[in-house]
Every structure is written in structure tokens, then in C-alpha cells.
Amino acid sequence: MPRPIARVLTLLELLQAGGTRTVAELAGRLDVDERTVRRYVDHLLDLDVPVESVRGRYGGYRLAPGYRMPPLMLSDDEALAVLLGLVAGRRAGLLTTTGAASETAAAKIRRVLPERLGRKLDAVLGTLAFTAPPGESAAPETTVLLTIADAVRQHWPISLRYTAADGRRSERTLHPYGLVAHSGKWYVTGTDPAIGEDRTLRLDRITDARTLPGSFEPPTEFDPAEHVLTGLATAPYRYKVTLRIQGTAEQIHTRLPASIAIVTDSPSASEAQPWSHVELRAERLDWLPAVLASLDLSFVIEQPAELRTLVSEFADRLLNSARQTP
């Protein structure tokens, strides 16, 4: 079974801080048992990292004196790709609670670049403008993200401490199928084995995540991203809106994305231009008339009746505006 690379790298970082670290101390910092620590050390030795074993009462592990990681060599294209990736990640809200790490990482890379390349990259980053505003981030704990990612890959069950939107706290067991990043938030989706139902949880509301013994077999052809979008589109809101729109799902999703609306073929479609059945939920309806008008497609409102009134009033305002003369 592949070793959890994140913990192996964390072990190397702890040893690079200097001194001798006891096996018990390393086990506590990595949240594993002592036997696993020794296995991680063997992995570092396989990578030619000179880890020394120190015997005695205060023994443990340390790096050989004078050892340093080799320098990171980046081409011009690679350096630009890394820095732009860090900038884009910050703007998209894809950060953890140690969000400053992206800024310090960028600063470290910038510091070791040749002056010629550094000036050019500064020019790119200093003149770059974005058309979209920065995303609102709901950052998860770094350890939570890494633990869950490891469990998804290894098909391990996990135990979670979770705080719901209404403030209720609970401990849950989850068989995690996938991680999804959407609109500046991280989600994990999977099945609660205690009740046999699917669950989608926000990572920023998880305060602790631990892997449990055993493993599970995830369902075949399960799409975590589609599952999260469907869950968001069907979440309980004040209004349930159902429509028939004369257009394809691709056309409709240009204005009503999959995270908002579920689009299916209309069973009554008999014309050359297909009709689709659209279902969505919303806390307010006042934004919908303009969106429906922007689709430029014929539509029929099935429910609620309040939406028909809002669309009529919106149409009257447009007509009155069109009749105005300079």
C-alpha cells in the first residue's frame, strides 16, 4: 500500500528543523504509531535522504550534519506557471487556514530567482488585471484537507467532528468518495455507513478528521463534482421553482448553472426545438425574471404563482422603458 506522501514530507520537515527527535515525539506530531514512523524513515532512506538513528535514552532520528535539500531548479516557463498558479489560487479562494503559505511560498520563489527573470515576472504580476472579483474563501484546516484527501485515495473510512450551518455539533463517520472545490469552498462527498445515505460536507466546518481501521469500496462511475452540484441545486430554500424552457440543457446552463438548476428533458417535448424541464430552489425570486429574459428562449412557469407576477411586472417595466423617447 502506498505511503502517505504528505506525512513523509512532514517528517522530513521536522527533521530539517535540527536536533534529534524521539520516535514518540515524531509519532505524536504525525498522529501515527511508532512503527509507522520507522516505516516513513525507511521511505526517506529509499529517497537517499541521510536519516541517522541515534541510540540511547535520548535517542531517535536526525538528519546527517550539513545535509540540505537540493536547490529547486525552475525554467522561465515553470517559474511563471508556479507564481501565476499561486496568484490564481488566492483569487479563487482555494486556500487553507494557513492561507499565508501561498504568499510566503511565492516570496521564497521570487527571492531565489535570477534578477533578470525576477524583473520580468514582477512586471507580469504588477500589470496583470482580473475581470472577476476575488472569490470568497471558506478555508479548511490544512490537516483536515490532507487527512481526507489521503482517505479518499486509500478508501479509508474517517471520523469527523462537524459543525452544521445552524451551529449544531456532531461526530460522524464517512466513507469519502471525493473532494470538490466550488465557488471558494471545499466539499467532501461520500456515504454515512451508519444510515446508508449520501452526505456532502463543507471542509471549513470540520474541526477534526481521523482515519479509521478498515477500508471500503467506492461505487463505480461516481462523479463527486456532479454529486455536489446536484446537492447544492436541491438544497432546501424558501421557494421551489419549476419551469419548462424551450432549449437544451447547454443553452439553459449559460444563465442557470448546474449548481443552481437541475435540467432534464421534458417528457412532453414533441416539437422540433426540444423543451427542457428545469427545477431550482431560491430564497428570493426577484432575480429570476431578468435571468429568464436573458435566455431569449420561450418558457412556461409551472410554479410558484408569485414568479408569474414578477415576470409580468418586469415585462411591463421593459415595455414602458422602450416607449420612452429622448
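How many bridges join β9 to strand β10, and in which sense do the two run? I looked this up first.

**Entry 1: ground rules**

I am working with a predicted model, in which local features need pLDDT of at least 70 and side-chain atom pairs count only at pLDDT 80 or more, while totals for chains, interfaces and linings use all residues. Residues are numbered from 1 along each chain as its sequence is written, and side-chain values use heavy atoms, with hydrogens and water left out.

**Entry 2: β9 and its sheet**

I found five bridges between β9 and strand β10 (residues 276-282), and the two run antiparallel. Strands here are DSSP runs of E with at least two residues, helices are runs of H or I with at least four, and both are numbered from the N terminus. Two strands count as paired if DSSP finds at least two bridges between them. I noted that threonine 264 stands opposite histidine 277 in β10.

Next I checked the length of helix α11 (residues 305-323). Its 19 residues should span 27 Å at 1.5 Å a residue, and the end C-alpha atoms are 28 Å apart, which agrees. The expected span is 1.5 Å times one less than the number of residues.

Which residues of α11 are buried? They are Leu307, Val311 and Phe314. They cover an arc of only 65° around the axis, which puts them on the same side of α11; the arc is taken from the directions from the helix axis to the C-beta atoms. Buried means under 20% relative accessible area, exposed over 50% and partly exposed in between, with a 1.4 Å probe and protein chains only. The general rule is that an α-helix has 3.6 residues a turn, so residues three or four places apart point the same way.

I also asked what the buried residues of α11 pack against. Their partners are β8, α10 and β11, where contact means heavy atoms within 4.5 Å. Alanine 290 sits in helix α10 and is partly exposed, at a relative accessible area of 39%.

Seven of the eight residues of strand β5 (residues 185-192) are buried, so the rest of the structure largely encloses β5. Strand β4 (residues 169-182) pairs with β5 in the antiparallel sense over seven bridges, and histidine 182 has lysine 185 as its bridge partner in β5. The β4 and β5 hairpin has two residues between the strands, and serine 183 in the turn has a positive phi of about 50°.

On the β6 side, six bridges join β5 to strand β6 (residues 197-202), running antiparallel. Glycine 190 has arginine 199 in β6 as its bridge partner.
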